[in-house]
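Please find below a colleague's note on the structure under review.

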Amino acid sequence: SPEPRLPLSSGINAEYGGGRGGGRQYDEGPPESVVKIGKLLNTCEGDLVLRADNDMVPYFNAPIYLENKQQVGKIDEIFGPINEYMMSVKLSPNMTADSFKRKQPFYINPMKLLPMSRFLPKPPAPKVKRVGGA
């Protein structure tokens with residue numbers, strides 16, 4: 001996680017590359033392992049639309065890979081019903097959407113996934129009866 005920052009008087013944190021996460025754009029390199037995140041459903045305006053087949057939910061901007069760990073792009077949007085969500089992938093500059101086949105699998109670093117329970121409503125807390133009065 002990023003180090004806490006103190007705001008500068010100008011409102012811009014120049015030492016860390018600007019405010020709002022501006023200094024965190026770096027290439028992490030290929031992950032040690034990848035897990036399947038989904039299959040290509042369609043292409044739209046140069047982006048890929050994947051149908052998820054993983055019980056976990058990816059981070060926004062998480063890198064997406066082929067099975068050989070070659071990065072093809074990053075998660076742009078996540079949409080659809082929670083039990084069969086889809087995602088759009090903004091392709092890297094050297095990639096074209098028409099070079100991929102329908103139902104082709106795509107992969108993600110398992111460290112870039114969150115449990116589905118994080119997005120579901122929490123069960124109501126048990127009601128506690130108070131003994132006594134006032």
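The points that follow treat confidence, salt bridges, aromatic rings, surface and selected residues in turn.

1. Confidence. The model is a predicted one. Its chain has a mean pLDDT of 82, and 78% of the residues reach 70 or more. Over residues 4-23, however, the pLDDT is below 50.

2. Confidence by element. Strand 7 (residues 105-108) has the highest confidence, at 98. The lowest is found in strand 8 (residues 113-115), where the mean is 93.

3. Salt bridges, Asp-53 and Lys-36. The count of salt bridges comes to two. In one of them, the side chains of Asp-53 and Lys-36 meet at 3.3 Å, N to O. Asp-53 lies in the loop between strand 2 (47-52) and strand 3 (56-58), whereas Lys-36 belongs to strand 1 (residues 35-44), so the pair ties together parts that are 17 residues apart in sequence. Asp-53 is partly exposed because its relative accessibility is 39%, a value between the limits of 20% and 50%. Lys-36 is likewise partly exposed, at 31% relative accessibility.

4. Salt bridges, Lys-90 and Asp-47. Lys-90 also forms a salt bridge, with Asp-47 as its partner, and the closest N and O atoms are 3.4 Å apart. This pair links distant parts of the chain: Lys-90 is in strand 6 and Asp-47 in strand 2, 43 residues apart. How do the two partners stand in terms of burial, buried or partly exposed? Lys-90 counts as partly exposed, at 44% relative accessibility. Asp-47 has a relative accessibility of 12% and therefore counts as buried, the limit being 20%.

5. Aromatic rings. A pair of aromatic rings is described by the distance of the centres and the angle of the planes. The count comes to one aromatic pair. The ring centres of Phe-100 and Phe-106 are 5.4 Å apart and the planes stand at 70°; the pair is therefore edge-to-face, as the angle is over 60 degrees. Phe-106 is buried, with a relative accessible area of 0%. Phe-100 counts as buried too, at 12% relative accessibility.

6. Nonpolar surface. Ile-82, Phe-119 and Leu-120 make a nonpolar surface patch of about 260 Å². Ile-82 is located in the loop between strand 5 (71-79) and strand 6. With a relative accessible area of 41%, Ile-82 is partly exposed.

7. Ser-88. Which element holds Ser-88? Ser-88 has its place in strand 6 (residues 86-91). The residue counts as buried because its relative accessibility is 9%, which is under 20%. Neighbours within four places in sequence being left aside, Ser-88 is in contact with Leu-48, Lys-74, Ile-75, Asp-76, Glu-77 and Phe-79.

8. Thr-96. The loop between strand 6 and strand 7 contains Thr-96. At 44% relative accessibility, Thr-96 counts as partly exposed. Thr-96 and Gly-46 are separated by 50 residues in sequence, while the distance from C-alpha to C-alpha is 6.9 Å.

Technical notes:
Residues numbered from 1 in each chain as written. Predicted model: local features only at pLDDT ≥ 70, side-chain atom pairs only at ≥ 80, totals over all residues. Heavy atoms only, no water. Helix = DSSP H or I, 4+ residues; strand = E, 2+ residues; numbered from the N terminus. Buried < 20%, exposed > 50% of the residue type's maximum accessible area, 1.4 Å probe, protein only. Contact = heavy atoms within 4.5 Å. Patch = residues over 30% accessible without salt bridge, like charges linked within 9 Å, V, L, I, M, F, W, Y side chains within 5 Å. Areas by Shrake-Rupley, 256 points an atom, 1.4 Å probe, with all protein chains shown as cover. Salt bridge = Lys/Arg side-chain N within 4 Å of Asp/Glu carboxyl O. pLDDT = per-residue confidence, 0-100. Phe/Tyr/Trp six-rings, centres within 6.5 Å; stacked < 30°, edge-to-face > 60°.
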